[in-house]
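Trainee: I am new to this structure. Can we walk through it together, step by step?

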Amino acid sequence: MTDSRAAEAAAAVPALTLNNGVTIPQLGFGVFQVPPEETRVAVGQALEAGYRHIDTAAAYRNEEGVGAAIAQSGLAREDIFITTKLRNGEQGSPRAAFEASRKALGIDWVDLYLIHWPVPSQGLFTQAWKELESLYAQGLVRAIGVSNFLPPHLDELLAGANVVPAVNQIELHPSFQQGALAQKSRGHGIAVEAYSPLGQGQDLESGVLAELAQAHGATPAQVVLAWHLGTGNIVIPKTVSPERMAENLAAAGIKLSDAELELVSGLEAGHRIGADPAVAAFTQL
Ligand SMILES: NC(=O)c1ccc[n+]([C@@H]2O[C@H](COP(=O)([O-])OP(=O)(O)OC[C@H]3O[C@@H](n4cnc5c(N)ncnc54)[C@H](OP(=O)(O)O)[C@@H]3O)[C@@H](O)[C@H]2O)c1
């Protein structure tokens with residue numbers, strides 16, 4: 001793709017303003033399950049396609065690849081929004097974990113740092129949040145947030161927090177929408193970021209999506225991503241295919257009507273793919 005086409009694709013992605021005034025490209029590129037040795041190339045291709053928002057995590061073990069791609073891209077650091085996450089097993093030492101991530105990424109600041117899972121059985125997330133607030137106060141991270149936080153975890157965190165999380169990154173796709181959690185998050189000014197937004201590819205077979213795709217001259221994946229954008233979610237699809245990178249990014253140009261958004265919302269089926277945050281307790285180490 002030429003530089004000007006990439007710039008055009010990047011410009012079509014809406015910028016969403018978080019509760020602290022920081023803006024985030026509403027459609028980004030996720031790198032969960034991108035093998036570490038393939039990450040530099042995949043993220044390089046994504047940046048070339050026009051993505052300006054990359055979602056990684058210490059637990060994905062591919063922060064170095066993300067950093068290498070950014071360094072090689074020739075793009076200004078401030079033109080790329082980078083999210084990474086605190087490993088579950090490092091909730092007792094967030095500052096050291098953050099510094100390790102920052103070093104692996106080879107960057108001076110992180111745009112968004114998230115507590116990856118609440119792991120309620122550890123009883124550490126409120127304490128960890130204090131350290132994230134301190135990283136934020138120091139300007140090492142432009143926004144802080146959480147991931148996989150259910151209503152009781154949000155309540156517990158907010159009771160002791162000075163900074164309201166900017167984002168709650170949760171599993172959210174047409175067959176698993178977590179409506180009450182999304183509504184509660186937004187009610188506190190916390191933006192909803194949808195992970196596994198395509199249901200890891202499992203949500204794309206529905207007849208409703210096929211019909212909407214035909215009506216818009218689009219693919220089912222693009223319809224799903226347009227639904228996320230239309231309902232206000234930040235969305236971070238993953239692919240290692242350059243064709244799909246371009247396809248997914250182009251969803252920013254598709255607008256669904258309210259009635260069409262409703263049709264996709266009708267696909268709710270309570271189909272969770274990932275772990276249940278109420279009980280998930282893996283260390284990610
Ligand atoms: N916070 C958390 O706990 C958490 C958990 C899970 C994920 N995440 C984040 O969310 C990101 C996305 O979630 P995800 O990777 O689980 O799932 P996803 O983005 O919903 O789906 C990825 C899968 O869909 C396929 N795919 C991508 N674009 C497609 C298209 N246009 N048409 C058909 N198939 C397509 C990909 O295959 P190919 O790669 O072969 O194209 C891959 O198998 C992750 O990368 C990560 O950054 C966060």
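Mentor: Gladly. The chain exposes about 11600 Å². Carbon and sulfur atoms supply 52% of that area. Keep in mind that this is a predicted model.

Trainee: How many helices and strands does the chain have?

Mentor: Both kinds of element occur in the chain. The count is 11 helices and 10 strands.

Trainee: What radius of gyration does the chain have, and why does it count as compact?

Mentor: Take the globule rule for 285 residues, which gives 19 Å. The radius of the chain is close to that, so the chain is as compact as a globular protein of that length. The C-alpha atoms fill a box of roughly 50 × 40 × 30 Å along the principal axes. The radius of gyration is 18 Å.

Trainee: What share of the 285 residues counts as buried?

Mentor: A residue is buried under 20% relative accessible area. Apply that to the 285 residues of the chain, and the buried share is 52%.

Trainee: What order do the strands of the open sheet take?

Mentor: The sheet has 8 strands, and the pairing is parallel. β3 (29-30) and β10 (234-235) have a single partner strand each, so one side of each is left without a neighbour in the sheet. The order is β3-β4-β5-β6-β7-β8-β9-β10.

Trainee: Which residue in β8 is the bridge partner of V146?

Mentor: Start on the other side. Strand β6 (residues 110-115) joins β7 (residues 141-147) through 5 bridges, and I115 stands opposite V146. β7 and β8 pair in the parallel sense over 2 bridges. In β8, the partner of V146 is N168.

Trainee: How many residues of strand β8 are buried?

Mentor: Strand β8 spans residues 167-171 and is mostly covered. The buried count is 5 of 5.

Trainee: What is the phi of N148?

Mentor: Most residues other than glycine have a negative phi. N148 is not a glycine, yet its phi is positive. N148 lies in the loop between β7 and α6 (151-160). Its phi is about 65°.

Trainee: Is N148 buried or exposed?

Mentor: Use the cut-off: buried means under 20% relative accessible area. N148 has 3% relative accessibility, so N148 counts as buried.

Trainee: Where is Q178 found, and what is its phi?

Mentor: Q178 is in the loop between β8 and α7 (179-187). Q178 is buried, with a relative accessible area of 15%. Q178 is not a glycine, but its phi is positive, at about 45°.

Conventions
Residues numbered from 1 in each chain as written. Predicted model: local features only at pLDDT ≥ 70, side-chain atom pairs only at ≥ 80, totals over all residues. Heavy atoms only, no water. Helix = DSSP H or I, 4+ residues; strand = E, 2+ residues; numbered from the N terminus. Rg over C-alpha atoms; globule rule 2.2 N^0.38 Å. Buried < 20%, exposed > 50% of the residue type's maximum accessible area, 1.4 Å probe, protein only. Areas by Shrake-Rupley, 256 points an atom, 1.4 Å probe, with all protein chains shown as cover. Pairing = 2+ DSSP bridges.
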